Amino acid sequence: MKRFIGFIKKEFYHIFRDKRSLFILFGMPIAQILLFGFAITNEINNVDIAILDHSNDVETQKIINKIKSSPYFNVENQIQSEREIESEFKKGKVKAVLIFEPDFSKNLVTKKVAVIQAVTDATEPNVANTIANYTAAVIQNYQLQKKQATISQVKVDVQSRMFYNPELKSVFNFVPGVMTVILMLVSAMMTSISITREKELGTMEILLVSPLKPFQVIVGKVFPYIFLSIINAIVILLLGYFVFKMPINGSLFLLMFESILFIISALSLGILISTISDSQQTAMMLSLMGLMLPVIILSGFIFPINSMPMPMQIISNIIPAKWFIIIVKAIMLKGVGIQYIWKETLVLIGMTVFFIALSIKKYKIRLE
Amino acid sequence: MSIKVQNISKSYKTAKAVKNVSFEVNRGELFGLIGPDGAGKTTLFRILTTLLIANEGRASVMGFDVVKDYKAIRNSVGYMPGKFSLYQDLTVEENLTFFATIFGTTIQENYDLIKDIYIQIAPFKNRRAGALSGGMKQKLALCCALIHAPKVLFLDEPTTGVDPISRKEFWEMLKRLQQKDITILVSTPYMDEASLCDRIALIQDGQVLKIDSPENIIKNYNKIIYDVATKDTHALIHDLKNYPSQYSVNAFGEYIHYIDKESDFNTKELQKYLQNKKHINIEIKQAQITIEDVFMDL
């Protein structure tokens, strides 16, 4: 036990004396979560639009005022003809133009139908789509108010309600995703690098010719990173909770348990990488290409798994991160207990055991 | 018998590193493996420290088989690899404490053994190992290899890249350790260090050429070597090589070591020959034979 403690102490010296690993350990998680939370978002705010009002009557003025007062849009200017639309878009500031047909109020009364056309700049398709939806929402809202005033006819209206994330805040998706990426990166990459560093510097040779058992060396190498990864997970959750108002509806204890399970599975992957690479560079490339990319692309963090082609969906099943993201979202947003996520948990446990067994089998007690 | 090597052979993918090597090291002996880079010294060390498995042959350390009883060997030997292999980002004291801890001991417990060496690096005990000079690094590495009081010490080229004074000190330390009943197997490419060992094995291209004490190796050398010097060394080498009865010509410091084939070789004839070749300041005298001369002739 004394040997083990001595070994861990040495590991902490390594970590705290290396500015680069300190930065990866603590700087990156915070930077990433803030970046994803603030900068990379699907929400729109203060989009500049232009209005082309052919009728210029009471109703159109009311709708325009309504739009002006919403936080999503900023009416940049009023244009006079269709010909100006393109030149507005080309200037780049205006992202959408709302066109009211002539005789808007009259049509609304006589034909019961009046048309507003939303023309959007689709060079950024997602933004364009979102603007169109938001516009529709604002006008629907106006209609609703109007209808309440004059109950004239029965009309079936589909109203959707978003459960668990009513405002469709993208940060609710990013916090679990970033947490997964960070834990994977810190755990797998850092351990594989720290083990291969011993190989590269030749100290592994001395460690092998010592009474330390392989098991003790591995656990000693990995232990500090378990500890640091848990701190990282907590920091990310605190940032999510306090800065981005991400709720934690489920049990915090269960969340921590699942996080530790995921950390251990990532660490065992890191050990596995270190057994097959001889240099720190190889270990880093393997971790980045072999782990980070699949984690980002195939875990459902950024691209929904359901809309992937079938082979990709099948491959995504072997990515531990996929299961962890499902678990974290379920606990944090739906507030479910273990009875709803035991299957995912079991998959994660199975993977962890497999990776640990494989890396112990692959660990070399000699130099070749 | 502390170390026993029997017909060991080891090949890597492309090359045969060690070919049918056998030797024995007695208890308390300071045994040197002498040979140039690439002779197979490091491979032999790694086989004996259980880091590599030989393709053929058997070896044992303190009676433990290097393959079967590798754990017992790892518990009891001290090993200093060729490359400086301590933690550069840890201080001198932290390195030593770490190695003491993993061997289940403390610095205090075996301080006697390392005292002579440690007091030399003690003034720098709070300095990171990476910032030490070459000689200091070697001393620290030796301390770390000794901290658990091993019965057998493996030192793979401990003095490579170390200044001459530190090298001399290092060998004095080894002599003192030997007195404490520690068997030492040391390798070096420096021929001058060979004479400091009790016995040496001359090794080249993975083969042992000769095993004996340095004195015997020199004593049993049956050729006479002459130191030859003239003003123009470059021309001298050329002319000596063209001398009809020359056996070998090797530059050796300020002299050329010359060996003749004939038993009735006469220095006067050589002198005359060199004078004819317009050499001046000619000096010819019988040389002290060194291990290097023997090695060159093998």
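Predicted model: local features only at pLDDT ≥ 70, side-chain atom pairs only at ≥ 80, totals over all residues.
## Overall architecture

Chain A contains 14 helices and four strands. Its radius of gyration is 28 Å, well over the 21 Å that the globule rule gives for 368 residues, so chain A is more spread out than a compact globule. The C-alpha trace of chain A extends about 95 × 45 × 40 Å along its principal axes. Of its 368 residues, 34% count as buried. When contacts in chain A between residues at least 6 apart in sequence are considered, 79% of them join residues at least 24 apart.

Chain B has 10 helices and 14 strands. Its C-alpha trace spans about 70 × 45 × 35 Å along the principal axes, and 43% of its 298 residues are buried. For chain B, 70% of the contacts between residues at least 6 apart in sequence join residues at least 24 apart.

## Annotated transmembrane regions of chain A

An unreviewed UniProt entry places the feature "transmembrane region" at residues 21–40, 171–195, 222–244, 250–273, 285–305, 311–328 and 340–360 of chain A.

## Nonpolar cores

The largest nonpolar core has 142 residues, and those with the most contacts inside it are B:Cys143, B:Phe154 and B:Ile184. Helix α7 of chain A, residues 171–201, supplies the largest share of this core, 17 residues. A second, separate core of 14 residues includes A:Ile51, A:Ile67, A:Phe73 and A:Ile131.

If residues up to four places away in sequence are not counted, B:Cys143 touches B:Leu96, B:Ile114, B:Ile117 and B:Tyr118.

In helix α8 of chain B, residues 233–241, the buried residues are B:Leu236, B:Asp239 and B:Leu240. They cover an arc of only 100° around the axis, which puts them on the same side of α8(B). The face turned away from this buried side carries the exposed residues B:His234, B:His238 and B:Lys241. Packing partners for the buried residues of α8(B) are the strands β11 (225–229), β12 (246–252) and β13 (255–260), together with helix α9 (267–276), in chain B.

## Strand pairing in chain B

Four strands of chain B form an open sheet with antiparallel pairing, in the order β2-β1-β4-β5. Strands β2 (16–25) and β5 (64–65) stand at the edges with a single partner strand each, so one side of each is left without a neighbour in the sheet. Strand β4 of chain B, residues 56–61, pairs with β5(B) in the antiparallel sense over two bridges. The bridge partner of B:Ser60 in β5(B) is B:Asp65.

Strands β9 (residues 199–204) and β10 (residues 207–212) of chain B pair in the antiparallel sense over five bridges. In β10(B), B:Ile211 is the bridge partner of B:Ala201. The hairpin of β9(B) and β10(B) has two residues between the strands, and B:Asp205 there takes a positive phi near 50°.

## Positive phi in loops of chain B

Most residues other than glycine have a negative phi. B:Glu157 has a positive phi, near 45°, and is placed in the loop between β7 (152–155) and α6 of chain B. B:Glu157 counts as buried because it has 22 C-beta neighbours inside 10 Å, the cut-off being 20 or more.

B:Lys278 is not a glycine either, and its phi is positive at about 70°. This residue lies in the loop between α9 and β14 (283–286) of chain B. B:Lys278 has 10 other C-beta atoms within 10 Å and is therefore exposed, as a residue with 12 or fewer is classed.

Definitions and conventions
Residues numbered from 1 in each chain as written. Chains lettered and ligands numbered in written order. Rg over C-alpha atoms; globule rule 2.2 N^0.38 Å. Contact = placed C-beta atoms within 7 Å. Arc of directions from axis to C-beta. UniProt positions renumbered as here; feature names shortened; annotations may be inferred. Pairing = 2+ DSSP bridges. Core = buried A, V, L, I, M, F, W, Y, C linked by C-beta atoms within 7 Å.
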